[in-house]
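User: I would like to go through the labels used for this model. Please set each one against its rule.

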Amino acid sequence: MKDIRKKSFDAATNEMLIKAYRTKTEVIWDRADAAQPQCGFGRMSICCTDCYEGPCRANPFALVRQKTVCGRTQEELVSVHFLKQVSDGAAALVGLAHEFHADLDKGIAQSVYTTKDSMLVPIDYSLRMSEIGQAAAKTLLSISAAKERVYGKTESKVVSANLGVLKADAANVVLVGHIAPHIVQPLINATSKSSVPFNITAMCGCEANGRLPVLTNYDSQELPLLTGAVDLLVIGSQCVMPATASLANARNVAVIAAFSLGNEKKIKEAVQTAADTFLRRRGKDVHIPAALDQIHTGYTAANSKQMLKTLKAASAPGAIKGVVYLGGCGNIANTQDAQMVQTAARLLSAGYLIVTAGCAGAALAKAGMCRPEYVLRDGQKGISGTGISPVLHIGSCHDAGEFLMMARDFQLIGIPAFAVMQEISHNKVLATAIAFASKGINTYIDLGETISIPEISLPGMVLPITDLEQLMPKSADAAAAQ
Amino acid sequence: MKRVWVDREKCLGCKTCELQCAVERNSVSKRLSGAVLEDPKPVARIGVFGPTGASFPLQCRHCQDATCLMACPSGAMQRDAERGVTFVAQDKCRGCWMCVMSCPFGAVTPSAKFKIAMKCDACMHMEQPACVASCPTGALVYGDEETYIKVLTAKRGNIAVYITSVPTPSQSHALSLDFSKKDK
């Protein structure tokens with residue numbers, strides 16, 4: 001692996017990458033290097049494998065514009081592909097809602113689904129987008145409601161973030177991949193009854209509404225296994241790399257699917273497995289990076305109402321330009337976390353508050369931004385002294401429904417809301433972006449430079465991330481802020 | 001001499017050339033569906049390298065001063081006098097890999113299974129090289145220098161420059177080539 005120290009903005013990740021290199025352990029960065037060059041047709045969404053008369057690709061350099069076998073032009077290929085990705089992301093959110101036992105209309109899955117057999121670009125493309133967006137928004141709100149049913153009305157909490165949350169002298173359980181609250185809570189309860197000390201950690205999402213420490217985000221999800229301190233891996237159904245499960249198997253770390261933990265017996269077995277693994281490795285060397293950050297997380301629309309009152313009273317009118325949802329997954333082609341941290345720093349300097357979640361939230365947490373002490377530049381004059389954190393971490397990316405509700409509250413006190421989805425890798429996040437836009441929240445999306453966003457008109461605008469420059473201060477201070 | 005020219009700006013990294021070279025030249029069944037099931041796996045003599053967005057298909061450049069020709073101790077590496085193309089006479093190759101080591105482009109592949117060196121021979125016995133025939137964007141072009149200059153001209157939309165005589169030491173000419181003006 002070349003340039004290890006440029007692979008991630010986070011020093012702990014780089015430290016584990018050096019360990020991966022020395023132990024000849026293959027991780028995602030190695031596979032990404034081996035995959036170069038990646039096909040340009042796919043990068044630009046100008047190929048199609050929807051049917052068996054294909055696969056088709058449109059030659060972008062041809063003098064005569066090339067069409068697919070069924071007659072789609074290059075622009076239509078891009079539009080239809082974009083629609084299907086959004087539709088798939090919305091379906092992923094609906095899947096999560098069902099897993100979480102959320103209250104959702106029976107017809108919603110059907111309304112988001114777009115089959116590959118429909119080859120025509122919808123006559124009213126924007127209307128179809130809006131339908132999917134509205135359904136995704138409903139789904140996000142239902143997920144938030146389902147969590148509240150299990151955990152009740154929770155307050156924000158301070159937890160730890162980064163690889164240092166793993167403990168050498170406790171059985172470490174790692175939860176990866178959007179696990180249902182009604183599975184997490186019994187698991188936590190069961191471990192507290194064990195004779196062995198337990199440490200339950202979540203990969204990025206603070207599965208227990210702000211009570212679980214955050215390990216790291218998507219691209220670095222294999223690295224906690226390299227510490228040697230993970231005793232049990234509980235995996236959800238989405239956002240778990242197959243490589244993580246196989247690496248765990250190779251290191252004799254038990255991998256248990258979350259959905260199988262539906263009854264007490266199974267949970268007890270899982271806890272016993274983790275305890276046994278811990279006892280086997282206790283006293284032996286583990287390599288846990290000394291990287292620990294405090295994050296204030298678990299903010300919900302409900303528990304933020306008091307904070308909003310303080311904000312309205314304390315800040316001068318116009319001191320806070322707006323509140324921005326900073327989401328996204330991270331792209332392996334870039335230095336991990338770097339762009340998200342940079343965007344966040346620039347937004348804060350420009351006078352915006354940030355609400356963050358999921359892998360983007362973990363990126364900001366690892367950079368130490370999710371706490372009140374991070375009031376850093378003139379842009380936060382509006383909130384310094386109030387004790388309010390400039391970056392509000394709300395949990396997992398499936399908690400984006402909280403932002404939908406918060407946006408309304410912020411707008412009531414005169415603070416406009418918009419969203420930035422940096423380095424989108426997974427369709428759920430694209431669907432969330434469209435959900436925001438269909439509710440009137442302008443959303444900037446980053447899909448990589450080769451992918452063009454088709455023209456859609458929704459209540460809120462969907463803009464390429466390059467347009468975000470217009471909101472940033474152009475002075476030298478901004479350059480110094482980076 | 002006819003060779004394979006590369007327009008690297010058109011290469012999108014789809015690796016169709018790699019697949020087709022392996023299927024056409026190194027498989028038994030000569031069909032993709034059959035080739036992928038074969039053991040030993042067919043070897044491609046062309047490789048697409050580079051990062052995403054700046055990919056480049058690389059095969060033997062058939063150098064004028066070929067190091068592989070000089071390095072080969074058994075006389076397996078030969079040049080076809082008529083076509084100017086270098087190729088491996090597989091019956092003579094002993095698998096010493098001197099050519100593999102000496103090639104400045106890394107275009108020679110050692111085949112561990114057959115213990116011979118594999119290298120592009122511009123499909124000299126075929127009508128058109130497999131990679132050129134299969135490239136979907138036209139990044140690969142087969143022809144001599146004039147063909148390539150025509151391709152360059154079409155791409156840049158400029159005049160074609162042909163140098164018909166080389167100045168001798170007693171003459172001195174200052175040649176100025178203006179690539180920005182049309183029809184001059």
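User: Why are helix α6 (residues 125-151) of chain A and helix α15 (residues 427-438) of chain A called roughly perpendicular?

Analyst: This is a predicted model. In it, the two axes cross at roughly 100° and come within 7 Å. Angles of 65 to 115 degrees count as roughly perpendicular. Therefore α6(A) is roughly perpendicular to α15(A).

User: What makes α6(A) and α15(A) a contact, and which residues meet?

Analyst: Contact requires heavy atoms within 4.5 Å. On α6(A), the residues are Met129(A), Ser130(A), Gly133(A), Gln134(A), Ala136(A), Ala137(A) and Leu140(A). They meet Ala431(A), Thr432(A), Ile434(A), Ala435(A) and Ser438(A) of α15(A). By class, seven are nonpolar, five polar and none charged.

User: How many residues does each chain bring to the contact of chain A with chain B, and what area is buried?

Analyst: Chain A gives 12 residues and chain B gives 15 residues. Together the chains bury about 1100 Å², with 64% of it on carbon and sulfur atoms. In chain A, the residues that lose the most area to chain B are Pro37(A), Phe41(A) and Phe61(A), together 51% of what that side buries. Helix α3 (residues 40-43) of chain A supplies the largest share of that side, three residues. By class, the side of chain A has six nonpolar, four polar and two charged residues.

User: How many salt bridges and polar contacts does the rule find across this interface?

Analyst: A salt bridge needs a Lys or Arg side-chain nitrogen within 4 Å of an Asp or Glu carboxyl oxygen. Between chain A and chain B, the rule finds zero. For polar contact, the rule finds four residue pairs, both residues at pLDDT 80 or more.

Definitions and conventions. Residues are numbered from 1 along each chain as its sequence is written. Chains are lettered from A and ligands numbered from 1 in the order in which they are written. This is a predicted model: local features need pLDDT of at least 70, side-chain atom pairs count only at pLDDT 80 or more; totals for chains, interfaces and linings use all residues. Side-chain values use heavy atoms; hydrogens and water are left out. Buried area is the accessible area (1.4 Å probe) that two parts lose on being put together, summed over both. A polar contact is a pair of N or O atoms within 3.5 Å; within protein, one must be able to donate a hydrogen and the other to accept it, and residues adjacent in sequence count only if both atoms are side-chain atoms. Helices (H or I, at least four residues) and strands (E, at least two) are DSSP runs, numbered from the N terminus. Ala, Val, Leu, Ile, Met, Phe, Trp, Tyr, Cys and Pro count as nonpolar, Asp, Glu, Lys and Arg as charged, and the others, Gly among them, as polar. Axes are lines fitted to C-alpha atoms, for helices over the stretch in contact, and angles run from 0 to 180 degrees between N-to-C directions. Angles under 35 degrees count as roughly parallel, over 145 as roughly antiparallel, 65 to 115 as roughly perpendicular and the rest as oblique.
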